[in-house]
Amino acid sequence: MRPSMFRSVQSAVSRTSSHLTRRGYATEPVPERKVAILGAAGGIGQPLSLLMKLNPLVSTLSLYDIAGTPGVAADVSHINSRSEVTGYAGEEELGKALEGADVVIIPAGVPRKPGMTRDDLFNINAGIVKSLATAISKYCPHALVNMISNPVNSTVPIAAEVFKKAGTYDEKRLFGVTTLDVVRAKTFYAGKAKVPVADVNVPVIGGHAGVTILPLFSQATPQANLDDDVIKALTARTQDGGTEVVTAKAGKGSATLSMAYAGAIFADACLKGLNGVPDVIECSYVQSNLIAELPFFASKVRIGKNGVEEILGLGSLSDFEQQGLENLKAELKSSIEKGIKFASQ
Ligand SMILES: NC(=O)c1ccc[n+]([C@@H]2O[C@H](COP(=O)([O-])OP(=O)(O)OC[C@H]3O[C@@H](n4cnc5c(N)ncnc54)[C@H](O)[C@@H]3O)[C@@H](O)[C@H]2O)c1
Ligand SMILES: O=C(O)C[C@H](O)C(=O)O
């Protein structure tokens, strides 16, 4: 667990309802925040529900799925942390699940099996995302939306189109969650650079599938003089990280635990941004004008009270990364167009 998150979890467990620190001094009251998780009974949804229950910034935790959420909610609700937990099951309860949500996290949809690409999930997940986005535009149009469902490169444009049609689109409030790529890049880099993983930072740009995932190891900190072939191998491993897990799970799904961790980190950043914490910066796949032909692109973004406050520049890229950027454009462009076309039908 990231050290700051570990401290959050510790303080969640020790915090009282009157917001006293462990030493007993009164602190600033923490704002009320409702977080809804759509797909909460799934492989990602369950551990993500647990992690969000441990987050002291959450006051109401709303767990929605087509089935199974009352059990998940009953289970995590016994944890002695701040939030009140409610489970909602079935479409007729979706409105109640979403009403008043500040942050909506969406890990709903089918995962990959060995041999599949993320795009192979499009036919099923596009429809799921479209209907969930329609409900968000109706019940909590101002929420920050954290899209986890794959293919993220297309599901984010789908949600954007749905919101546009409903007249509720605010590009600052829609995020594709690419945090797992960053988490992987940090872990793999620390292993090769032989530096403490907790100190490592690596920006990951582009999108969230294969070559569209572009880690910028030239900007990794702490810097290490790794050979070109090591950087190439680290890049390939980060791009194939999801497939590595899908293969190892041998038909039983894709990354769930590491994704729940990554999703919890990103949602925590959104909550901190909403609460006015300064300098909250994470990589995310958002509407962007950094690359002319790619209306959605992952890069470092500053998250604030209204969502995306600033899209940070890409910084200087090595020749290898510059080539990687050229290589990802065609695939990312076509995934974006596929999502937009689907949602406009
Ligand atoms: N962004 C990322 O980095 C990342 C990482 C891992 C997985 N994923 C994606 O996340 C998605 C979920 O993965 P998983 O392993 O949790 O799958 P899962 O099958 O274990 O869980 C998905 C859950 O979604 C629910 N669901 C289906 N239709 C729904 C609807 N209309 N409304 C609400 N819930 C619905 C299912 O009932 C199930 O509980 C997949 O698309 C997967 O590819 C993304
Ligand atoms: O690889 C997958 O299908 C799931 C997810 O996108 C991941 O990166 O682990």
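Tutor: Happy to! One term first: a polar contact is a pair of N or O atoms within 3.5 Å; within protein, one must be able to donate a hydrogen and the other to accept it, and residues adjacent in sequence count only if both atoms are side-chain atoms. The model is predicted, so local features need pLDDT of at least 70 and side-chain atom pairs pLDDT 80 or more, while totals for chains, interfaces and linings use all residues. Residues count from 1 along each chain as written, chains are lettered from A and ligands numbered from 1 in written order, and side-chain values use heavy atoms, without hydrogens or water.

Let's begin with the annotated residue. An unreviewed UniProt entry marks His-208 as "active site"; such annotations may be inferred rather than shown by experiment, and their positions follow the numbering used here, with feature names shortened. His-208 sits in the loop that links strand 7 (204-206) to strand 8 (213-215); helices (H or I, at least four residues) and strands (E, at least two) are DSSP runs numbered from the N terminus. With a relative accessible area of 8%, His-208 is buried. The cut-offs are under 20% for buried and over 50% for exposed, with partly exposed in between (1.4 Å probe, protein chains only).

What does His-208 touch? Leaving out residues up to four places away in sequence, its contacts (heavy atoms within 4.5 Å) are Arg-118, Asn-150, Val-152, Asn-153, Thr-178, Asp-181 and Ile-213. With Arg-118 there is also a side-chain polar contact, at 3.4 Å.

For Arg-112 the separation is 2.6 Å, for Arg-184 it is 2.7 Å, and for His-208 an N or O atom of the side chain is 2.5 Å from a ligand oxygen. Ligand 2 on its own exposes 260 Å², and the protein buries 95% of that; areas come from the Shrake-Rupley method with a 1.4 Å probe, and for residues only the protein chains shown count as cover.

Now for the residues that the record lists beside this ligand. The unreviewed UniProt entry gives Arg-112, Arg-118, Asn-150 and Arg-184 as "binding site". Arg-112 is in the loop between strand 4 (103-106) and helix 5, and at 7% relative accessible area Arg-112 is buried. Beyond four places in sequence, Arg-112 touches Thr-117, Arg-118, Leu-121, Gly-242, Thr-243, Val-246, Gly-253 and Ser-254. Its side chain also reaches the backbone oxygen of Met-116, at 2.9 Å.

Asn-150 occupies the loop between strand 5 (144-147) and helix 6, and is buried at 17%. Its contacts beyond four places in sequence are Arg-118, Leu-121, Asn-125, Thr-155 and His-208. One of these, Thr-155, lies in helix 6 (residues 152-166) and is buried, with a relative accessible area of 0%. Besides Asn-150, Thr-155 is in contact with Val-129, Met-147 and Ser-149, again leaving aside neighbours within four places.

Asn-150 leads us on to ligand 1 as well. Of the 28 residues surrounding ligand 1, the closest are Gly-43, Ile-44, Asp-65, Val-110 and Asn-150. The shell around ligand 1 divides into 17 nonpolar, 10 polar and one charged. A polar backbone atom of Ile-44 is 2.9 Å from an oxygen atom of ligand 1. Polar side-chain atoms also lie beside ligand 1 oxygens, at 2.6 Å for Asp-65 and 3.1 Å for Asn-125. Taken alone, ligand 1 exposes 860 Å², of which the protein buries 85%. Strand 2 (60-65) and helix 5 (122-139) are the elements that give two or more residues to this shell, and helix 5 supplies the largest share, three residues.

Key. Near = heavy atom within 4 Å. Nonpolar A, V, L, I, M, F, W, Y, C, P; charged D, E, K, R; others polar.
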